[in-house]
Amino acid sequence: MARLVSMQPRQASPWASSSSPLLPSSLSEFSGAALSISLQKRRRTWQPKGALQVTASGAKKILIMGGTRFIGVFLSRLLVKEGHQVTLFTRGKAPITQQLPGESDQDYEDFKSKAKIPKSKLLGNDPIHMFIYCSSAGVYLKSDLLPHFETDAVDPKSRHKGKLETESLLDSRGVNWTSIRPVYIYGPLNYNPVEEWFFHRLKAGRPIPVPSSGVQITQLGHVKDLAQAFVTVLGNSKASKQVYNISGSKYVTFDGLARACAKAAGFPEPEIVHYNPKEFDFGKKKAFPFRDQHFFASIEKAQRELGWVPEFGLVEGLADSYNLDFGRGTFRKPADFTTDDMILGKSLVLQS
Amino acid sequence: MAAAVTFAAPALPSLHSSSCSLPPLTHRSLSFVAFTSPAITKLSSHRSSRRFSSAPSTSVFSIKAAAAAADKKRVLVVNTNSGGHAVIGFYFAQQLLSSGHEVTVLTVGDESSDKMKKPPFTRFSELVSAGGKTVWGNPAQVGDIVGTAKFDVVLDNNGKDLDTVKPVADWAISAGVEQFLFISSAGIYKPLDEIPHVEGDLVKDDAGHVLVEKYMAGLSFSSWAVFRPQYMIGSGNNKDCEEWFFDRIVRDRPVPIPGSGMQLTNISHVRDLSSMLSLAVENSAAANGKIFNCVSDRAVTFDGLAKLCAQAAGRELKVIHYDPKAVGIDAKKAFPFRNMHFYAEPRAAKEIMGWTSTTNLPEDLKERFDEYVKIGRDKKPMQFDIDDKILESLKVAISSLDEYFDFLWNVNSSFISHDKGSRFFAQEVMGRDSKPKDSGGKGKGKQAAASDENASKGKAKGGKSSDGLARHILCEKQGKINEAYKKLQDGWLSNGDKVATEYSECPSGKKGGDLGWFPRGKMAGPFQDVAFSTLVGATSAPFKSTSVQI
C-alpha cells in the first residue's frame, strides 16, 4: 500500500527529534490538513538498467522534505508507482498534488482520486534506514582541473556551504546517508530560470547576451533523470555513506547551450552577443543564469556503482522542457530584458 | 622489473580513492591491482579533501606477478621515428617486457639516422636489456623484416593514413596475428558544442586515421582496437608540451596564451597510454572492436596548465592573452595546443576494461621540471620571435622604467614625439581609467598588458566605442614629469590621482588628472597617439606633447 501524504509541519512533529536541526525553525502550526493517497499494489521488484542488481526489500515509508514544486513532484510519482508510502512535508503553499505537464487527465485523476484523509497521525518511532540528501555540486572548490569528481576538494566558503555542513552532520550522526550533488537542473516545472532564460529571449527574437568568451563549460541534468537517481539509490546498500554527482552525460559551452535551446524549441540559430561583465553594473539583477566559470562534474561514479544512466541528452531534454512547459506559454517569471538592454544598448560588445 | 615498480609507485596519484569496480579477472589476465581501504570512501567534510594526497597509509598494493607461460604474448610494435607518438611505443614496450611478454619494436627508417639521437630512441638500450628486440626498416616491408617470427599482437604506432597502415594490417592477417591495435588520434573528432569527445561521437570522415579505423574493422582479426590519444607528457617525449611553458617561465618571460585561456585540453602522462594499451592486450576479448580515447580523465585549462607549470618550477607566472588573428600570427606556430576546447574522456577504457588514470599533473609536472633542469634546457639560449611579435603588438609594459624606454626606442620611436615648434612644450604621463569603481587592482603597472581585448580596439566603458577615457599629468619640465612617473610605478589606480593633483600643471590635475571621455580626433597629435595606443588600465611612459587641448 502506498500513501502520499502532505502536511504542514508543527514544532513538536512526532517524527522529528527535538535535536534535529533539519526542520526549518520558522515553522509553527500544524494545519491539520493531510492528504493520503493509497495505491493498492504489490511492490514490483525494480530492475535497474545495467549489471547491478538491487535487492528488493519491500515497500518503504518515505518522507520527502519538500516535494511539491519540482524534483519532488517527479520523484513522488516514481516512488508511488514503485509501491512506496510517500509523505510530503512542505513549508509552502503549493497544491499538494498537481497534474504533471504531459500527464493525461485520466492518469492524474487516478493518482488524485486515491486521496484519503489518514485516520491516524504518522508516527516516527521507527529508525531511519536511509537519509538521502539533495546536496549540490556547487560545493566543489573551483579548479583548473576538471571535471569534478566526488573525491575533489570542496569549498567551505561556498554559497552552498550549508549543503556541506549538512553532509558532515549526517555523517557525524551515524545516519545511513547518501548525498546527491546535482549541477544545474532543468526540465518541466523548473522554477530556477535556467532554460526559461534562453526561451524568453528566443521567443522574443532577441539576441542572447553571453558573458566573456562563451566558451565556459557548464552541465545540465534533467529533473526526471535526477528523480530516477534518487529512486536508484533507495535501498541500495552500495550507496551507503556515498556522494554521487548526478547530471547530464555531456557538458556544454555557454554558446553551445544557447544553440541547443534554439534547436530544441525549433527556433533558428540565435544571434549571440558577447560582452565583458566587468564593464557593467547590473545591480542586483543577474545578467546570465550561470556562474561565469567552468562548472561540471563527472557522473561516472553513479553510473558505475548504481547502474544509473541519464536518459535525456541535452537537446532532447530541453525539448521535453519546452514542449511540456515553457513552450506552452507557461513560465515562472515574466521576461525581464533590462540587463540585456544595458548590454546591447552600449554596443560595447566583444566581437566573438 | 622496472615497469612493475613504476606502476606501483607509492604515491598513488589516482584521484578516485572511492572503490572502483575492477574488471572480472580471468585466469588469463595480468593486472596491476591497487586496493584502497574501504575507509577511504567516507566523505571528508570539514577538512577539505586534499586533491592530490599521496596514498593513504592504509592502502595495500597487490601486484599479480608475471604472466603464466600460456598468457605470454609475442608483441610487435611498429613505431614512428618522429613526433610525439614515438614515446608511446617505448613505454608500452617497457611495460609489456616487465610483465613477461616478448616484444619486438620495429622503428621506421634507419638505425643510423639522426632521429635516433633523440629520446626515446636514446633509451632503446633499456628495451634490449629487458629482453626486447629492436629493429629498423620500412613498415611496408614488415614481413621481410621480421621474417618467420610469429606474433600474437601488433600495435601500429606509426601510420596516419591507409597507405602507411594497410601493408602492416594486411601482413598481420596473413601472418595469423590475433590482435591488431592502432594508435589513431583524438583530433579526428568533429568539434561540437557538447563536450567532451566520447567514443562513438562523430569523426571527420575524410581524416586519414578514420579510414584506417574503418579498414581495420573490416578485416578478420580476432580482436582489434583503436586508441585515440591527445597531448602527452613524460620522459622521452619528443614533442614540446610542458617544455614550452617552462622555457618562458624560467626566463621570466610572459607566457602568451591565445584567446581567453579557458580552453580545456587533456594532458596525459604517457604511462596512462601504455597502461591502457597493456590492458587491451590482456583483455583482448573485451577490447575487441572498441574505440578507446587514450587520455587521462581530467582536462586542464590553458591558464591552469600555465599555473601548474609555474608552480612546478617554483617561479612566478605572467600570462598574456591575445587574439592571434588581431596580432596576425598563426596560432599553430605560436602555441603548442589547438586553440579551442579539445577535450576527450576515457569512458570506454574505464567502463569496458576497468582502466584507471594515474596522471597527476601537479606531481607529474614537478618531475618533468626536474628533468628539464637536469638536461640543462633552462640555460639553453633561445629565441622567442613569435612571442616578441605578440608582445610588440600588445605594447606590453615592462616592469622597470629603463627597460621600458629601451623597449620603446627599439620598437616604436614615434611613441616619443618631438615638436620643436610648439607653443606649449609639455611632458605628460597618460593613464587610462577603465575600471569600474568596485573592481580590484588590475591596474598594477606590471600587469598592464594582461588579457585586454579592449585595448587593441580602443573600447572602454562609458563613451562610444571609439572614444577614449583618460587621465593625465602635465608638466613643463622633464625632470618633474619623470619624478611623477616614478611615483606611478604601482599603476595609476594605487596613487595616480594623488600624484596628478600634486604634479599636474593642467587644470584637470584638480580632478586627479581626469580628462573624461574624448573622441578620436579631438586631442592633438602625440597626445592622441599615446592615448589610443596605451593599453586599457596601463600607464604610458612620459612623452612630449604639443599644445594640448582639453
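Buried means under 20% relative accessible area, exposed means over 50%, and partly exposed lies in between (1.4 Å probe, protein chains only). This is a predicted model: local features need pLDDT of at least 70, side-chain atom pairs count only at pLDDT 80 or more, and totals for chains, interfaces and linings use all residues. Residues are numbered from 1 along each chain as its sequence is written, chains are lettered from A and ligands numbered from 1 in the order written, and side-chain values use heavy atoms, without hydrogens and water.

**View 1. Leu189(A) has a positive phi.** The angle is near 80 degrees, and the residue is not glycine. Leu189(A) sits in the loop between β9 and α4 of chain A. Helices (H or I, at least four residues) and strands (E, at least two) are DSSP runs, numbered from the N terminus. Because its relative accessibility is 12%, Leu189(A) counts as buried.

**View 2. The largest nonpolar core has 41 residues.** Such a core is a set of buried Ala, Val, Leu, Ile, Met, Phe, Trp, Tyr and Cys residues joined through side-chain atoms within 4.5 Å. Among the residues touching the most other members are Phe198(A), Leu257(A) and Phe290(A). α6(A) gives the largest share, 8 residues. Domain 1 (3-183 + 223-246) and domain 2 (187-220 + 249-300 + 312-350) of chain A both contribute, so the core lies between them. These bounds come from an automatic or database domain assignment.

**View 3. Phe290(A) and its contacts.** Contact means heavy atoms within 4.5 Å. Leaving out residues up to four places away in sequence, Phe290(A) touches Tyr184(A), Val194(A), Phe198(A), Thr218(A), Leu220(A), Phe254(A) and Leu257(A).

**View 4. Two cis peptide bonds in chain B.** One joins Pro119(B) and Pro120(B), with omega about 0 degrees. Pro120(B) is in the loop between β4 (102-108) and α3 (124-129). Another joins Ile195(B) and Pro196(B), with omega about 5 degrees. Pro196(B) lies in the loop between β8 (194-195) and α6 (208-218) of chain B. Most peptide bonds are trans.

**View 5. Asp252(B) has a positive phi.** Its value is near 55 degrees. The residue is in the loop between α7 (242-250) and β11 (255-258) of chain B. With a relative accessible area of 48%, Asp252(B) is partly exposed.

**View 6. Residues 1-63 of chain B have pLDDT under 50.** pLDDT is the predictor's confidence in each residue, from 0 to 100. Residues 432-463 of chain B also score below 50. Where pLDDT is low, the predicted coordinates should not be read in detail.
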